[in-house]
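Dear colleague,

Please find below the structure that I am handing over to you. My findings follow it.

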Amino acid sequence: MVVVVDDPRGKTFACLLDFASHAIEYGRHAKGIFFRKTNKELEEAIAISKQIYGGLGIWRSGDKIWKFKNGATLAMRFMDRDADVERYQGFSFSWIAFDELGNWATDYPYLFMFSSLRSIAGIPTYMRATGNPGGVGAYWLKARFITPLKPYAIHRSGKQTIQFIPARLEDNPKLLATDYEEDLKNLPEHLY
């Protein structure tokens, strides 16, 4: 199945589409969790997920969980404080995503969730993260992913592979066709 969504909000869409692919391929063994920093940010991601997953599953708003027709599940959560991550100790997820990772002040939530990245069914597991310049976590994010990594290259760290994929305004023709670049020019130079 191919899901096509035509929208300029690339990172969140790409992340959610990645889980759709995981869910389609691994069915009931695909168990994911998607994080945003605040509940308000999560609401936007949930709205985007409804555009993508509408025909693939059922949204359970009380639980904030997508239940796909083939048994895959995706929990949509916010994590306001670093310590909130400890609620997930002992859980198992085959797919974990942090949308706008630079919004977390430290790498603690990101690193902690690797303890829950596993599958008793033996399917491949994935940790995904998106981000923009700036944010309270900009320094640790840059030190971990940007400075030491050659863009686009696949780097190995034990059994893990890491890839930094830089994106520029020119990569998104829909945004390029708007006044978005003019708005960006009003930002402080380090964010522009």
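**Findings**

Threonine 73 belongs to strand β4, which covers residues 73-78. Please note that the model is a predicted one. The relative accessibility of threonine 73 is 19%, and because buried means under 20%, this residue counts as buried. Beyond its neighbours within four places in sequence, threonine 73 is in contact with Phe19, Ala30, Lys31, Gly32, Ile65, Trp66, Lys67 and Phe68.

Phe19 is also one of the buried residues of helix α1, together with Thr12, Phe13, Cys15, Leu16, Ala20, His22, Ala23 and Tyr26. The cover over the buried residues of α1 includes strands β1 (31-36), β3 (65-68), β4, β5 (95-98) and β6 (126-129), as well as helix α2 (39-53). Glycine 27 follows α1 and has a positive phi, near 50°.

Turning to the aromatic residues, the count comes to 15 aromatic pairs. In one of them, the ring centres of tryptophan 59 and tryptophan 66 lie 5.4 Å apart with the planes at 45°, so this pair is tilted. Both tryptophan 59 and tryptophan 66 are buried. Ring pairs also join Phe35, Tyr88, Phe91, Phe93, Phe98, Trp104, Tyr110, Phe114, Trp140 and Phe145 into a cluster. Over the ring of phenylalanine 93 sits the charged end of lysine 31, 5.4 Å from the ring centre; lysine 31 is also among the contacts of threonine 73.

With kind regards

Technical notes
Residues are numbered from 1 along each chain as its sequence is written. This is a predicted model: local features need pLDDT of at least 70, side-chain atom pairs count only at pLDDT 80 or more; totals for chains, interfaces and linings use all residues. Side-chain values use heavy atoms; hydrogens and water are left out. Helices (H or I, at least four residues) and strands (E, at least two) are DSSP runs, numbered from the N terminus. Buried means under 20% relative accessible area, exposed over 50%, partly exposed in between (1.4 Å probe, protein chains only). Contact means heavy atoms within 4.5 Å. Rings of Phe, Tyr and Trp (its six-membered ring) pair if their centres lie within 6.5 Å; planes under 30 degrees apart count as stacked, over 60 as edge-to-face and the rest as tilted. A charge sits over a ring if NZ of Lys or CZ of Arg is within 6 Å of the ring centre and within 35 degrees of the ring normal.
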